[in-house]
Amino acid sequence: MFCASSSALLPPHIAVRNLTSRREHLSKEGTVTLGLFGNGSLRVPSQCTFWQSNRLSTSTGSQVGHDISVRTALEEPLIMTDIEEEIENLGIFKVDPDLREYKDHFAYRWKRYVEQKALIEKHEEGLEEFSKGYLKFGFNREEDGIVYREWAPAAQEAQLIGDFNGWDGSKHQMEKISLEIPAWIRYATVDPNRFAAPYDGVYWDPPPTERYVFKHPQPPKPESLRIYEAHVGMSGQEPRVSTYREFADNVLPRIKSNNYNTIQLMAIMEHSYYASFGYHVTNFFAASSRSGSPEDLKYLIDKAHGLGLRVLMDVVHSHASNNVTDGLNGFDVGQSAQESYFHPGERGRHKLWDSRLFNYGNWEVLRFLLSNLRYWLEEFRFDGFRFDGVTSMLYHHHGINMGFSGNYAEYFSFDTDVDAVLYLMLANDLVHQLLPDVTVVAEDVSGMPALCRPVFEGGIGFDYRLAMAVPDRWIDLLKNRNDSDWSMNEIVWSLTNRRYTEKCVAYAESHDQAIVGDKTVAFLLMDKEMYTGMSDLEPASPVIDRGIALQKMIHFITMALGGEGYLNFMGNEFGHPEWIDFPREGNKWSYDKCRRQWNLVDTDHLRYKYMNAFDRAMNLLDENFSFLSSTKQIVSSASEEDKVIVFERGDLVFEVSFVIFLE
């Protein structure tokens, strides 16, 4: 555990060296020393107090490394060749000439991006070296022992306490003491028998015989993306938290059988509040210990690769948990922006999410986040990411109370958070360098132009964005209109309203549409009759017949017309009933709605099998004809009178008729 006081400045990096300990916890016999490291944005005081073993000592320190921050990018003279010509010829202007009206905005952010990369090249030997922070910070084994480093510029004194010293930090009499897990910790655990217990950081370094060894190569990038969105913890049938190995052994075969080619794993980064769905991250480099060890997660990913399935991770760099004791927020003790992971004051807090907002203009924050991406790619062999909360990152208003109309002025103005845009450009630049076959998806509801164009064109560099307006349209139709009032033209517009040359992942429902207070599409259609009317041993009621047919049609037309990729949330392929509700005080900590009832689709006399078979056939159709990846998309008819939509996609012609539901 790391302890710090904030009344003055400590060197920007803290290192603790244990020369004898091996794994999990630092041994009691280990000799612990503290050293000073550079690369911070603050100057080291001439007298530095540090802790060594069981005694205090004082040493004279001097500044090492560089004294640099992102804000110096525009102050330091850099040699820029033909920068104006580069801006004039940015590829985004060729793709969309209307963007030239906002050339000044793109020129500013392109210059910032080029200058930022040049600074990283000068001071950190390039983006790839810069992103290796996880090999330096936190706990790392080096030739002569285990070294611990931390960026904590606002601290005056520091302690590392653990079982190696009997958890005794009393010899440091500090004011305003805060206790935190190291920011770069790679494993964190909690006492399951204590309510709301804080997490403890664990040094994870198993011996070679216990480390998982990858056996399978990463599958190549598919022509089209068919994503199975999954949450490991709620993936089992029993009312409890499921494990990585259970998911690998029990759920992966189902995903493969239904012809998906990509898995998107939610809630991998450690989060102390289970009901946050993994979006209030406390430990960014730690795989959630609820479902097992880091080696167990590697087993899951490797087994997926062996089945030909790629694995994306839900990465949350849009905000961080408010937790002080076991989260990054504990490193914020009221210091200035350049000394903190987060913005100060209201700018550093998301008023709807009750979480902290990163300061993307900070050098060490960039190192932390970029290294985080590299860590998950290299250590666990993820095949890419789905970036959560991108809309919140792109704008100072975070998209709150904003209804984006498509007017370009909404995207390129003083409301745009250019620091965040630059981070996302650097992030996409990095991951595409590290893994050319990487897939990166943005969760953005605003529809910002050039979000999914390559960085070298002046875009932000994502491969896909989620078509978030599509599920909203279906929910609106299902809740507020009779079938006879559905407009074929409105449906077509919602499914085709996306930017040319910027790929979208379409979906009728994800985890968002099924959380407590809402229902799955199948349950909206059939509701309580799903409890009594799904047996194939009796004739189906009109509600069940209509519900199953519409569930199939909604998902199929969404896939065929809605984007260049498709996503389905775990269980919805067979019309999983009810909703999702994580254990919480309001439901008496029940897991009943936080699981998947696989028995429903496995029971042969229940009608869930028909929806599952249709889902399998949908994916197989794309596997055989690659219509999702085709740029050919022509809607030839959207008849309000006949309630029929006819369109071409690739080499196929689709006819979708809603007329039977007028009876």
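This is a predicted model: local features need pLDDT of at least 70, side-chain atom pairs count only at pLDDT 80 or more; totals for chains, interfaces and linings use all residues.
In which handedness of crossing does H11 pass H14? The crossing of H11 past H14 is right-handed.

Residues are numbered from 1 along each chain as its sequence is written, and side-chain values use heavy atoms, leaving out hydrogens and water.

**The chain as a whole**

The protein chain holds 16 helices and 26 strands. Helices (H or I, at least four residues) and strands (E, at least two) are DSSP runs, numbered from the N terminus. The chain has 663 residues, and 60% of them count as buried. Buried means under 20% relative accessible area, exposed means over 50%, and partly exposed lies in between (1.4 Å probe, protein chains only). Take the contacts in the chain with a separation of 6 or more: 74% of them join residues 24 or more positions apart. A contact means heavy atoms within 4.5 Å.

**The barrel**

Eight strands form a closed barrel, in the order E12-E13-E16-E19-E20-E21-E22-E23, and their pairing is parallel. From one strand to the next, the twist averages 30°. Two strands pair if DSSP finds at least two bridges between them. E21 (residues 464-466) and E22 (residues 504-506) run parallel and are joined by two bridges. Leucine 466 has valine 505 of E22 as its bridge partner.

H7 (residues 363-380) touches E16 (310-315) and E19 (384-387), and its direction makes about 135° with that of E19. H9 (residues 418-434) touches E19 and E20 (439-442), and its direction makes about 160° with that of E19. Axes are lines fitted to C-alpha atoms, for helices over the stretch in contact; angles run from 0 to 180 degrees between N-to-C directions.

**Helix against helix**

| Pair | Angle | Axes apart |
|---|---|---|
| H11 (residues 488-496) and H14 (residues 542-561) | about 50° | 9 Å |
| H6 (residues 294-306) and H7 | about 70° | 10 Å |

H11 and H14 are therefore oblique to each other. H6 and H7 are therefore roughly perpendicular. The cut-offs: under 35 degrees is roughly parallel, over 145 roughly antiparallel, 65 to 115 roughly perpendicular, and the rest oblique.

Val492, Leu495 and Thr496 of H11 meet Ile557, Thr558 and Leu561 of H14. That contact has four nonpolar, two polar and no charged residues. Between H6 and H7, the contact is made by Pro294, Leu297, Lys298 and Ile301 of H6 and Trp376, Glu379 and Phe380 of H7. Here there are five nonpolar, no polar and two charged residues. Ala, Val, Leu, Ile, Met, Phe, Trp, Tyr, Cys and Pro count as nonpolar; Asp, Glu, Lys and Arg count as charged; the others, Gly among them, count as polar.

**Two buried residues**

Asparagine 428 lies in H9. Asparagine 428 is buried, with a relative accessible area of 2%. Not counting residues up to four places away in sequence, asparagine 428 touches Val440, Val455, Ile460, Gly461 and Phe462.

Glycine 233 sits in the loop between E12 (225-231) and H5 (244-257). Glycine 233 is buried too, with a relative accessible area of 5%. Leaving aside neighbours within four places in sequence, the contacts of glycine 233 include Arg240, Tyr274 and Ser291. Glycine 233 and threonine 243 lie 10 residues apart in sequence, and 6.4 Å apart from C-alpha to C-alpha.

Conventions:
A crossing is left-handed if the near helix is turned anticlockwise from the far one by less than a right angle, and right-handed if clockwise.
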